[in-house]
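User: I am new to this structure. Please walk me through how to read its side-chain contacts.

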Amino acid sequence: APPDVIRDILEGVLKLMGIFDTSWVSMKSFLAKRGVKDEICNFDARSISPNIRKEVEKLLKKSAASFEPANANRASKAAAPLASWVKANVIFSAVLEKIEPLEKEQRDLKKQVEGTQKKVGTLEEDLKVVEDDVSKMRKKFDKKTTEASRLAVELEHANATISTAEDLVGKLVGEHERWSNQVNDLTKQLNELPLYGQLAAAFITYLGSEPEDSRAGYMKTWIKEAKLESFTFSR
């Protein structure tokens with residue numbers, strides 16, 4: 001059987017990767033598996049469920065000494081990086097859970113932008129059709145003006161048609177401007193979301209134990225550096 005430090009660290013690795021058989025046989029089988037190094041390096045913390053994270057957090061608390069860099073390094077040169085990997089992924093998983101609402105908001109805003117852009121494209125096509133119709137009507141009207149015998153009747157009809165078309169053009173132009181402004185607003189929000197996510201992650205990771213006035217000072221500085229107007233967790 002391995003030393004307790006090695007066993008504790010490998011137990012943390014296996015549990016994070018969804019392997020709950022933490023016997024020494026299971027640990028040896030895992031370490032002997034082909035590609036295990038790449039599997040660990042490419043591990044995605046998003047796959048850690050809340051229950052798994054709680055289990056590993058209990059292990060980190062119960063066997064805290066095993067995950068101390070000096071103790072892990074003393075037990076095995078390869079154990080120290082694995083101990084750091086376990087602790088880092090537990091922290092990162094908790095941060096991901098906290099910022100998940102922001103990521104969802106980002107996805108929703110992206111969908112809204114795509115939908116708005118599609119509507120703007122449709123409006124632009126409709127506007128082009130109307131403009132082409134107006135152009136054709138004007139040409140037709142110019143031609144009709146040379147036909148003096150029918151001018152009186154056709155002039156009244158052409159003016160009414162042109163008036164209706166121009167009114168529609170005016171409405172479509174206004175709608176086009178409104179959608180364009182909305183696209184700009186949504187794009188701005190979408191571009192700022194990663195910064196809000198980073199600020200939220202930084203606040204959770206680094207300021208959790210800081211006093212309120214210190215938090216406020218740090219956040220004011222970070223918001224200024226990020227060139228954001230403001231930031232609160234109620235967004």
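User: How many aromatic pairs does a search of the whole structure find?

Analyst: Rings of Phe, Tyr and Trp (its six-membered ring) pair if their centres lie within 6.5 Å; planes under 30 degrees apart count as stacked, over 60 as edge-to-face and the rest as tilted. Here the search finds 2 aromatic pairs. Tyrosine 218 and tryptophan 222 form a tilted one, 5.8 Å centre to centre with 40° between the planes. This is a predicted model: local features need pLDDT of at least 70, side-chain atom pairs count only at pLDDT 80 or more, and totals for chains, interfaces and linings use all residues. Residues are numbered from 1 along each chain as its sequence is written, and side-chain values use heavy atoms, leaving out hydrogens and water.

User: Where do tyrosine 218 and tryptophan 222 lie?

Analyst: Helices are DSSP runs (H or I, at least four residues), numbered from the N terminus. Both residues are in helix α8 (residues 212–225), 4 residues apart, so about one helical turn separates them.

User: How many salt bridges does the structure hold?

Analyst: Side chains of opposite charge can pair when their charged atoms come close. A salt bridge needs a side-chain nitrogen of Lys or Arg within 4 Å of a carboxyl oxygen of Asp or Glu. The structure holds 13. Among them, aspartate 108 bridges to lysine 104 at 3.1 Å. Both lie in helix α6 (residues 79–144), 4 residues apart.

User: Is glutamate 212 buried or exposed?

Analyst: Buried means under 20% relative accessible area, exposed over 50%, partly exposed in between (1.4 Å probe, protein chains only). Glutamate 212 is exposed, at 60%. Its salt-bridge partner is arginine 215, with the closest N and O atoms 3.8 Å apart.

Conventions: Helices (H or I, at least four residues) and strands (E, at least two) are DSSP runs, numbered from the N terminus.
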